[in-house]
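Visitor: I would like to learn how to read the features of a protein model, one at a time. Please start with the overall layout and work down to single residues.

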Amino acid sequence: MSWTSDVTVALGEYLHALGVGVWSPSGALPRDAVGITVKAMPAQPDSVIVLSPYPVTGSGASDVTLGMQIRCRAGGLPTAVDDLADHIYDALHGARNLQLGPARVALVWRASHAQMGVDGDGRWDTTSNFYLQTAHPSAHVRD
């Protein structure tokens, strides 16, 4: 895998360890649990967290800010998706010195949050963008 994939997998495992949801790198998610997966929003379960990494900033050194879009979907009451998003916020916002795979993350913060509405099955959707301040070494930069 790559550095970005390794960090994303480690974040899924971290959220799983905190009891936020059930990490499933294969996408096989239990119907009655809050699933955590990468990039694609699955049809099931009703409650799911989707992690999608993207670059935000870099420098001539290895210092980077990695963005992580975290989409949440939940069925039931419209507030259920807010509860899920708040659980993620509590787990990540302000976290310092996390080891996520190959990356020592100095600081995590939520940069934005938005309501995305309801899908055709009556499940509510939100999206948050979290920023991870870290280092991403390359073949040319190692500090």
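Predicted model: local features only at pLDDT ≥ 70, side-chain atom pairs only at ≥ 80, totals over all residues.

Visitor: In what order do the strands of the open sheet lie, and which are the edge strands?

Guide: Strands of a sheet pair through backbone hydrogen bonds, either parallel or antiparallel. Here an open sheet of 7 strands has the order β1-β2-β3-β4-β7-β6-β5, and its pairing is mixed. The edge strands are β1 (22–23) and β5 (96–100), each of which pairs on one side only.

Visitor: Which strands does helix α2 touch?

Guide: Helix α2 (residues 79–92) packs on the sheet and touches β3, β4, β6 and β7. Its direction makes about 155 degrees with that of β4. Helix α1 (residues 3–17) lies across β1, β2, β3, β4, β5, β6 and β7, and it runs at about 140 degrees to β3.

Visitor: How many bridges join β4 to β7, and how do these strands run?

Guide: A strand pair can be read from its bridges and its direction. For β4 and β7 (residues 124–135) there are 12 bridges, and the two strands run antiparallel. Met-68 has Phe-130 in β7 as its bridge partner, and Arg-73 stands opposite Asp-125 in β7.

Visitor: What does β7 form with β6?

Guide: β6 and β7 form a hairpin, with 5 residues between them. In the turn, Gly-122 has a positive phi of about 80 degrees. The two strands run antiparallel and are joined by 10 bridges; within β7, Tyr-131 stands opposite Trp-109.

Visitor: How many salt bridges does a search of the whole structure find?

Guide: Side chains of opposite charge can pair when their charged atoms come close. The search of the whole structure finds 4 salt bridges. One of them joins the side chains of Arg-123 and Asp-46, at 3.1 Å from N to O.

Visitor: Why does the pair of Arg-123 and Asp-46 tie together parts that are apart in sequence?

Guide: Look at where each partner lies. Arg-123 is in the loop between β6 and β7, and Asp-46 is in the loop between β2 (35–38) and β3 (48–57), so the pair ties together parts that are 77 residues apart in sequence. Arg-123 is buried, with a relative accessible area of 6%, whereas Asp-46 counts as partly exposed at 36% relative accessibility.

Visitor: With which other residue does Arg-123 form a salt bridge?

Guide: Arg-123 forms a salt bridge with Asp-119, and the closest N and O atoms are 2.9 Å apart. Asp-119 is partly exposed, with a relative accessible area of 27%. Salt bridges link Asp-46, Asp-119, Asp-121 and Arg-123 in a network.

Visitor: Which residue forms a salt bridge with Asp-125?

Guide: Arg-71 does, with the closest N and O atoms 2.6 Å apart. Arg-71 lies in strand β4 and Asp-125 in strand β7, so this pair ties together parts that are 54 residues apart in sequence. At 25% relative accessibility Arg-71 counts as partly exposed, while Asp-125 counts as buried at 12%.

Visitor: Now for single residues. Is Thr-65 buried or exposed?

Guide: Relative accessibility is compared with a cut-off: buried means under 20%. Thr-65 has 13% relative accessibility, so Thr-65 counts as buried. Its place is in strand β4 (residues 63–74). Leaving out residues up to four places away in sequence, Thr-65 touches Pro-55, Val-56, Thr-57, Trp-109, Tyr-131 and Leu-132.

Visitor: Which residues does Ser-112 touch?

Guide: Ser-112 lies in strand β6 (residues 103–118). Apart from residues up to four places away in sequence, Ser-112 touches Thr-127, Ser-128 and Asn-129. Its side chain makes a polar contact of 3.0 Å with the side chain of Asn-129. Ser-112 is partly exposed, with a relative accessible area of 34%.

Visitor: What separates the C-alpha atoms of Ser-112 and Gly-122?

Guide: The two residues are 10 residues apart along the chain, and their C-alpha atoms are separated by 24 Å.

Key: Residues numbered from 1 in each chain as written. Heavy atoms only, no water. Helix = DSSP H or I, 4+ residues; strand = E, 2+ residues; numbered from the N terminus. Buried < 20%, exposed > 50% of the residue type's maximum accessible area, 1.4 Å probe, protein only. Contact = heavy atoms within 4.5 Å. Polar contact = N/O pair within 3.5 Å; in protein donor to acceptor, adjacent residues only side chain to side chain. Pairing = 2+ DSSP bridges. Axes fitted to C-alpha atoms, helices over the stretch in contact; angles between N-to-C directions.
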